[in-house]
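Dear colleague,

I am handing over the structure below, together with some notes on what I found when I went through it. Please read the notes with the coordinates open beside you.

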Amino acid sequence: MPETKIIQAADDDMQDAVREACALLRAGEIVALPTETVYGLAAAAFDPAAVAKVFAAKERPSFDPLIVHIAARGDLKNVAIVPPDIAETVSKLTAAFWPGPLTLILPKHPAIPDIVTSGLPTVAVRQSAHPVFRAVNKEFGGPLAAPSANRFGRISPTSASAVVKELDGRIPLIIDAGACAEGLESTIIAIEARAGKKPLFRLHRAGPVTKEQLQEFGRVEKARDVAGELPQAPGQLPSHYAPRTPLFLLESPDSFHPEPGKKYGLLSYRGEDDSPYVGLHEWARVEVLSPGSGKLAEAAIRLFFVLRLLDEAGLDAIIAEPVSETGLGVAIMDRLRRAATKG
Ligand code: TXA
Ligand code: MG
């Protein structure tokens, strides 16, 4: 693999980036692109050989299906077959949240190769709101399969430099459009019709579109994996988004028992202002999720960035403070629990 090239793209100056990305995608190559959630590693969704390169570059197991991204709502019919009993709900949800960070699991269209869906009869679909991703998707003229642009199980990249750390030398091109606006991967739901009642949404992954927002359209329940079956969303595997440094989520300050001589770093939600954790210990490093007034939204944007900083700080362990589990806090706590060291 030749060197990984990086091209800058701004909202008003992205022509070269879009052209080069599309030329590579048409040649069956893979390209890292910014989305509003995290950076994605894109391939032509109808090209199984190109999609295989995504799995190889990420060292992703073949049982973990990819999300298909479409350029326009009208393209949904090319990748999925929407059952009549949920068609109205799908229209309402896509009108409300697309383009944006909501992924729908729907019966797959036969044109989608099995490698994309890991052999599942369903496909995960969304329309990205990022201007650069949208421009590439539109100019390419077909659906793009794109997982997050990190090696399997690692922290998702929210900047081009994070993609470089994950995939340098493994992919030909990264389009750099700065930091991602949401910072957490899309919310994933499956939809079930219920006679005479509002539809049921099975939440496969918490994300920027919150339970509170979805409740306007239906009842939200957590998706549960059936024992003995393949995980329905391996992003929901208990260990994921993990730093190399052991991370412990401390549900209460009095459960911290430091070992002498070890270097601990603190991942704090609000920092000094209102954290009972900051004064607990002489931390080797403190990083704050929401140093400004943004609170949960700011914390979501910064979570993966700050996890990377702490992972690169030469610590023996990272101690993470919990955030309140409302709104975006549900997705943040989900990622922290999966990043935490097990056992
Ligand atoms: O925000 C996002 O969704 C980002 C950007 C790049 O769009 N993509 C992303 O992709 O997070 P990835 O591959 O890292 O996570 C996709 C998740 C995985 O957990 C996968 O198992 C699940 O979606 N998934 C894909 N197809 C599925 C299906 N048919 N049924 C259930 N889960 C599915
Ligand atoms: Mg991922």
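Before the helix pair comes up, one convention is needed: an axis here is a line fitted to C-alpha atoms, for helices over the stretch in contact, and the angle between two axes runs from 0 to 180 degrees between their N-to-C directions. Please also keep in mind that this is a predicted model.

With that convention, helix 1 (residues 15–26) and helix 6 (residues 131–140) pack at an angle of about 50°, their axes lying 9 Å apart. Angles under 35 degrees count as roughly parallel and those from 65 to 115 as roughly perpendicular, and helix 1 and helix 6 are therefore oblique to each other. The crossing in which helix 1 passes helix 6 is right-handed. On the side of helix 1 the contact is made by Gln-15, Val-18, Arg-19, Ala-21, Cys-22, Leu-25 and Arg-26, and on the side of helix 6 by Ala-135, Val-136, Glu-139 and Phe-140.

Beyond its neighbours within four places in sequence, Leu-267 is in contact with Glu-287, Leu-289, Leu-303, Val-306, Leu-307, Leu-310, Ile-318, Ile-319, Ala-320, Glu-321 and Leu-336.

Tyr-264 is placed in strand 13 (residues 264–268), and because its relative accessibility is 7%, Tyr-264 counts as buried. If neighbours within four places in sequence are left aside, the contacts of Tyr-264 are with Phe-256, Pro-258, Glu-259, His-281, Trp-283, Ala-284, Arg-285, Leu-315, Ala-317 and Ile-319. The C-alpha atom of Tyr-264 is separated by 9.8 Å from that of Leu-247, which is 17 residues apart from Tyr-264 along the chain.

Ser-290, for its part, is found in the loop between strand 14 (285–288) and helix 9. With a relative accessible area of 0%, Ser-290 is buried, and, again leaving aside neighbours within four places in sequence, Ser-290 is in contact with Tyr-269, Arg-270, Lys-295, Glu-298 and Ala-299.

Technical notes: Residues numbered from 1 in each chain as written. Chains lettered and ligands numbered in written order. Predicted model: local features only at pLDDT ≥ 70, side-chain atom pairs only at ≥ 80, totals over all residues. Heavy atoms only, no water. Contact = heavy atoms within 4.5 Å. Helix = DSSP H or I, 4+ residues; strand = E, 2+ residues; numbered from the N terminus. Parallel < 35°, antiparallel > 145°, perpendicular 65-115°, else oblique. Left-handed = near helix turned anticlockwise from the far one by under 90°. Buried < 20%, exposed > 50% of the residue type's maximum accessible area, 1.4 Å probe, protein only.
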